[in-house]
Amino acid sequence: MDDGGDDIQALIGAMARLPGLGPRSARRIVLSLIGRKPGQMAQLSALMARVAENARPCTRCGNVSDQDICAICTDVSRQTGEICVVENVADLWALERGRAFRGRYHVLGGTLSALDDIGPDDLGIPRLLARIETESVTEVILALNATIEGQTTAHYIADALPARLTITGLAQGVPIGGELDYLDDGTITAALRARRRL
Ligand code: ZN
């Protein structure tokens with residue numbers, strides 16, 4: 001191709017591999033960035049470099065943050081008595097978009113899997129059990145995906161939690177095998193509001 005320098009083509013190629021983008025969108029984005037006021041692209045690249053340098057899991061809940069403890073965990077206006085357990089950060093962000101939940105989260109980072117050798121320790125389940133005590137938790141919402149792996153993990157956690165807790169799961173409205181991140185905000189909010197005891 002002779003429609004740009006090597007770096008420009010490499011940038012387009014790298015962007016085209018990002019989720020949700022393809023070669024066509026990547027070309028459009030790169031062309032538009034180059035065409036904008038000088039400084040905008042430099043600003044974006046400086047921001048990306050800072051995020052790359054500082055992004056790390058919150059040591060308490062596993063959310064992605066540029067601090068040791070994320071903004072949700074440090075927000076004193078959020079209820080400490082409720083923890084919502086999710087599989088990944090995308091699911092946490094999906095629930096936050098719905099603005100229906102005012103407690104805190106615990107990100108597992110996956111589901112139990114004998115096949116892939118993923119056990120309770122890999123998912124921070126002992127850390128979750130410790131939080132139940134230190135944060136005076138009264139309700140745990142298991143907002144795991146309605147896949148077989150998600151439900152197996154939910155049952156495992158429900159069995160491991162102290163009996164005094166209220167344990168709930170998302171209500172109907174979450175399609176089987178549906179991943180939270182793909183649901184619209186209204187559906188997530190409805191499923192959370194109508195949560196049922198497990
Ligand atoms: Zn956190």
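A residue is called buried here if its relative accessible area is under 20%. Keep that cut-off in mind while you look at this predicted model, because both Cys 58 and Cys 73 count as buried by it.

**The whole chain**

If you colour by burial, the buried residues make up 37% of the 198 residues. Among the contacts with a separation of 6 or more, 57% are between residues 24 or more positions apart.

**The zinc site**

Which atoms coordinate the zinc ion? They are the SG atoms of Cys 58, Cys 61, Cys 70 and Cys 73, at 2.3 to 2.4 Å. The angles among the four donor atoms run from 104 to 116 degrees, and the site is tetrahedral. For comparison, the ideal angle for four tetrahedral donors is 109.5 degrees. If you now follow the donor residues along the sequence, you will find them spaced C-x2-C-x8-C-x2-C. Cys 58 lies in the loop between strand S1 (56-57) and strand S2 (64-65), while Cys 73 belongs to helix H4 (residues 71-74), so this pair ties together parts that are 15 residues apart in sequence. Of this pair, Cys 73 has a relative accessibility of 3%, which is why it counts as buried.

**A cysteine apart from the zinc donors**

Now select Cys 84 and ask where the nearest cysteine sulfur is. Is Cys 84 buried or exposed? With a relative accessible area of 0%, Cys 84 is buried.

**The open sheet**

Hide the side chains again and select the five strands of the open sheet, which has the order S4-S3-S5-S6-S7 and mixed pairing. The edge strands are strand S4 (104-107) and strand S7 (196-197), each of which pairs on one side only. Strand S6 (residues 166-169) pairs with S7 in the antiparallel sense, over two bridges, and if you select Gly 169 you can look for its bridge partner in S7, which is Arg 196.

**Glu 139 within the sheet**

Staying with the sheet, select Glu 139, which is placed in strand S5 (residues 139-142) and counts as buried because its relative accessibility is 11%. Its side chain makes a polar contact of 2.9 Å with the side chain of Thr 168. Leaving aside the neighbours within four places in sequence, Glu 139 is in contact with Gly 81, Glu 82, Ile 83, Thr 166, Thr 168 and Arg 195.

**Pro 23 in a helix**

For the last stop, select Pro 23, found in helix H2 (residues 23-35). With neighbours within four places in sequence left aside, Pro 23 is in contact with Ile 12 and Ala 16. Pro 23 and Ile 12 are 11 residues apart along the chain, and their C-alpha atoms are separated by 7.1 Å.

Technical notes: Residues are numbered from 1 along each chain as its sequence is written. This is a predicted model: local features need pLDDT of at least 70, side-chain atom pairs count only at pLDDT 80 or more; totals for chains, interfaces and linings use all residues. Side-chain values use heavy atoms; hydrogens and water are left out. Buried means under 20% relative accessible area, exposed over 50%, partly exposed in between (1.4 Å probe, protein chains only). A disulfide is a pair of cysteine sulfur atoms within 2.5 Å. Donors are N, O and S atoms within 2.8 Å of the metal (3.2 Å for Na, K and Ca); water is not among the atoms, so sites may look incomplete. Four donors count as tetrahedral if all angles lie between 85 and 135 degrees; four count as square planar and six as octahedral if opposite donors are over 155 degrees apart and all others between 65 and 115; anything else is irregular. Helices (H or I, at least four residues) and strands (E, at least two) are DSSP runs, numbered from the N terminus. A polar contact is a pair of N or O atoms within 3.5 Å; within protein, one must be able to donate a hydrogen and the other to accept it, and residues adjacent in sequence count only if both atoms are side-chain atoms. Contact means heavy atoms within 4.5 Å. Two strands pair if DSSP finds at least two bridges between them.
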